[in-house]
Amino acid sequence: MPNLEHPAYPSATLLHLESLVPCRESQVSMLLSIFGERQQFSFPSIFIYGHTSSGKTYVMQTLLNTLQLPHVFVNCVEYFTSRLLLEEILIQLQSCSSETKQTSHVPCDTFNDFVRLFKQAVASRELQDQTLYIVLDRAEQLREMEANILPAFLRLQELTDRNVTVVLLSEIVWELFRPNTGCFEPFTLYFPDYSIGHLQKILSQNHPPEYSVDFYAAYINILLGVFYMVCRDLKELQHLAALNFSKYCEPVVRGEASERDTRKLWKNIEPHLKKAMQTVYLREISSSQWERLQCDDREPGQLKGLSAHTHVELPYYSKFLLIAAYLASYNPVRTDKRFFLKHHGKIRKTNFMKKHEKISSLVTLQLLSMVDHNDQLGGPRYKCTVSLDFIRAIARWTGHKMKLHLVQAWMDHTARISTASLCQFAIPSNKVTCE
């Protein structure tokens, strides 16, 4: 007998859904109650919040796909302006309708245009007879858009007079969302963090078929005993479990221990788990490099060739920022406009990246360091602390088609400056300032 029950869906479908979302049965049951039956009007807007890796995105995608409910799923980080966001929703709506043979770009400049185009997009019969769900993942980014976007999405059902529900997924609480001018209050649903028992159950489901369930469950128990106090991110724990399992199995493979000899298995895996503690979240080295280090019994920092900084996994756009910082440190001031601006004429100074926190991760990793004092009013100034080899590696990994021979030319031009010295990322007034 499944824990999930709903008169609109067969028990076999609900049983399958329950197996896909372990330890989230209560949240799924609540969502099913809110959704109601397909043709019924659901709640206009739902706000789901919880910490990272608490299952918000996965549960919503699994629920909508398993029950085959018409929906649009958009990540607000990827579509970071109101126009990109509204146009992407309209494009996905075209694929929901069987009457549209192929999707096409639809320009949408304002929310009034979106309401008009939305009514046209849901004119097909299959979208009129059931609730359409618009899911906005990482919805906290809506606060950075125009002031009318969030209130309008919360009242989209009223504005369009259509059976549509907007679901907002966020890592912050609703009190930080609510506009000062007031807005329609959504239904809020909290996803708590997974407990250690939940993590044990979820991670144990991924056991390899060549080993018993109890053997893999014992391994997960050891893994959580080491990492649970410092890491409760389900994705990171899944990565660590897959990365270290082969080392855990070595005594069994060599015939030195049985699957029940937990003491020998623990003594074999303990030093390697301690090494892995140094790379939690950072991903300083790749999985293949980590496996080679396991075989050589070397420390993660003992890598040949490039410096250890070269192996830090940075966010995508942080890599480009770091490359730009390095280039800006060596080119002459008079060439700034030619290299870094699209137009060479007189251009109004912009406040690009206003918040200092947006590059704080590079400072934390000691890839950039601040050189100014807090009492200076010209904005923060940084110096780049990485080598040319590091920049080459970053540029190669990102697939950026930057001609690195320019970097070499600048290095030759400034040969009097030691490459080991710190290069100052100090941008004059005619540059776009990273603040």
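These legends accompany close-up views of one predicted model.

Residues are numbered from 1 along each chain as its sequence is written, and side-chain values use heavy atoms, without hydrogens or water. Because the model is predicted, local features need pLDDT of at least 70 and side-chain atom pairs count only at pLDDT 80 or more, while totals for chains, interfaces and linings use all residues.

**View 1. The overall fold has 18 helices and 8 strands.** Helices (H or I, at least four residues) and strands (E, at least two) are DSSP runs, numbered from the N terminus. Of the 435 residues, 45% count as buried. Buried means under 20% relative accessible area, exposed over 50%, and partly exposed in between (1.4 Å probe, protein chains only). Among contacts between residues at least 6 apart in sequence, 70% join residues at least 24 apart. Contact means heavy atoms within 4.5 Å.

**View 2. The largest nonpolar core has 39 residues.** Such a core is a set of buried Ala, Val, Leu, Ile, Met, Phe, Trp, Tyr and Cys residues joined through side-chain atoms within 4.5 Å. Leu85, Ile89, Phe114, Leu136, Leu142 and Phe153 have the most contacts inside it. Two or more residues come from each of β2 (71-75), α4 (82-96), α5 (111-121), β3 (132-137), α7 (149-154) and β4 (164-170). Helix α5 gives the most, with 6 residues.

**View 3. Leu85 and its contacts.** Neighbours within four places in sequence are left aside. Leu85 then touches Val74, Cys76, Tyr79, Leu136, Leu142, Met145 and Phe153.

**View 4. A second, separate core has 28 residues.** Among them are Cys23, Tyr211, Ile220 and Phe227.

**View 5. Six residues form one aromatic cluster.** Its members are Tyr211, Phe215, Tyr216, Tyr219, Phe245 and Tyr248. The whole structure holds 21 aromatic pairs. Rings of Phe, Tyr and Trp (its six-membered ring) pair if their centres lie within 6.5 Å; planes under 30 degrees apart count as stacked, over 60 as edge-to-face and the rest as tilted.

**View 6. Two arginines sit over aromatic rings.** The charged end of Arg24 lies over the ring of Tyr194, 4.1 Å from its centre. That of Arg143 lies over the ring of Phe177, 5.8 Å from its centre. The criterion is NZ of Lys or CZ of Arg within 6 Å of the ring centre and within 35 degrees of the ring normal.

**View 7. Gln120 lies in helix α5.** Gln120 counts as exposed because its relative accessibility is 52%. Its C-alpha atom is 9.8 Å from that of Leu90, 30 residues away along the chain.
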